[in-house]
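Please work through the exercises below with the sequence and the model side by side, and try each task before reading its solution.

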Amino acid sequence: MKLASLKHGRDGRLVVVSRDLTRATDAFPVVATLQQALDDWSRAGPRLADLAEQLDHGSVPSFRFHEHDCMSPLPRAYQWADGSAYVNHVALVRQARGVEMPPSFWTDPLMYQGGSDSFLGPRDPIVLPDEAHGIDFEGEVAVITDDVPMGVTPEEARGLIRLVMLCNDVSLRNLIPAELAKGFGFFQSKPASAFSPVAVTPDELGPAWTEGRLSLPLTAWFNGEPFGKPNAGIDMTFDFGTLIAHAARTRPLVAGTIIGSGTVSNRDSDGGPGLPVSEGGLGYVCIAEQRTVETIRAGKASTPFMRFGDAVRLEMRDARGHSIFGAIDQIVRRHHA
């Protein structure tokens, strides 16, 4: 089943989307918004699945689905917690800075609580005040949970994943060091994130979804040029069950909680830093990682962060080449007070 929220008020208008992303039908006979569905998933989930089957059989009224009409599947959420499941990404960044990585990073997930009061739609511009802040995109996989009890095990947590989607976790790299130096985490350096037009149930992913991992390439284009295609199932140190259990260690999570994977990152086949796409490698889904590899190899970074007018596109396709979630396609614009 594939679900999307069309632009309507603060919380969108929930629609069920066909598998090929071409048609949609209103979900209002069941629920009006995705959060309402998640709050009563045991009742709403099966009814929405029936609606999805009817849509694919052409037995319910439908209309043309356009990704640019979408808000993020959850336009705002009770909680957005972003992990760092790809420890390779963290290790590379710290290596470039000449900072030792604690061994615990390989056994205990990093996680921060992001702003969830308002997300960007998948085609909304990234509006920011200053290029000097070091504007970067970060391609991630994210999941939406049902209610999660405190102390859940990773195995139990996997069964509470209701939907999967993509994320652009926008970061302001040049603001991060000063914020982290205060010892209180991200805030100004993490503006609003964007999510894919469509969120899908795990069963929709078939064999690509295994034990809380999505084993397909996440592709990134920067200003129309290929930038990266790392596989989200490779080098994922912590699966989503582990990330959810980590978040719920000392608190329950409410239905509609979003958990992010962190930047998808693969090492090279020889175990070294991944190579850029231009050199035949898998590349990267954030500029910071390419700059990190440039620093490691050449002593300094040469790729600039995003400037006003730059564009990023993030997408994931199935084994047959069909888009699963639709695309996050955004351009950076200057904020005018």
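Predicted model: local features only at pLDDT ≥ 70, side-chain atom pairs only at ≥ 80, totals over all residues.

Residues are numbered from 1 along each chain as its sequence is written, and side-chain values use heavy atoms, with hydrogens and water left out.

**Exercise 1.** Determine which residues of helix α2 are buried, and where they lie around the helix axis.

Solution. Begin with the extent of the helix: α2 covers residues 41-56, and its 16 residues reach 21 Å from the first C-alpha to the last, close to the 22 Å expected at 1.5 Å a residue. Helices here are DSSP runs of H or I with at least four residues, and strands are runs of E with at least two, numbered from the N terminus; the expected span is 1.5 Å times one less than the number of residues. Next, list the buried positions, which are W41, A44, G45, L48, L51, A52 and L55; buried means under 20% relative accessible area, with a 1.4 Å probe and protein chains only. Viewed down the axis of α2, these buried residues fall within an arc of 125 degrees, so they line one face of the helix, the arc being that of the directions from the helix axis to the C-beta atoms. Finally, the buried residues of α2 pack against β1 (2-6), β2 (13-17), β3 (23-26), α1 (34-39) and β10 (161-168), where contact means heavy atoms within 4.5 Å.

**Exercise 2.** Trace the strand pairing of β3.

Solution. On one side of the account, β2 and β3 run antiparallel and are joined by 3 bridges, pairing being assigned if DSSP finds at least two bridges between two strands. V16 has T25 in β3 as its bridge partner. The two strands form a hairpin with 5 residues between them, and L21 in the turn has a positive phi of about 65 degrees. Then turn to strand β4 (residues 63-64), which is antiparallel to β3 and joined to it by 2 bridges, with A24 opposite F63.

**Exercise 3.** Is S171 buried or exposed, and which side chain does its own side chain join in a polar contact?

Solution. S171 is found in strand β11 (residues 171-172), and its relative accessibility of 0% makes it buried. Its side chain is joined to that of E138 by a polar contact of 2.4 Å; such a contact is a pair of N or O atoms within 3.5 Å, of which, within protein, one must be able to donate a hydrogen and the other to accept it, and residues adjacent in sequence count only if both atoms are side-chain atoms.

Methods:
Buried < 20%, exposed > 50% of the residue type's maximum accessible area, 1.4 Å probe, protein only.
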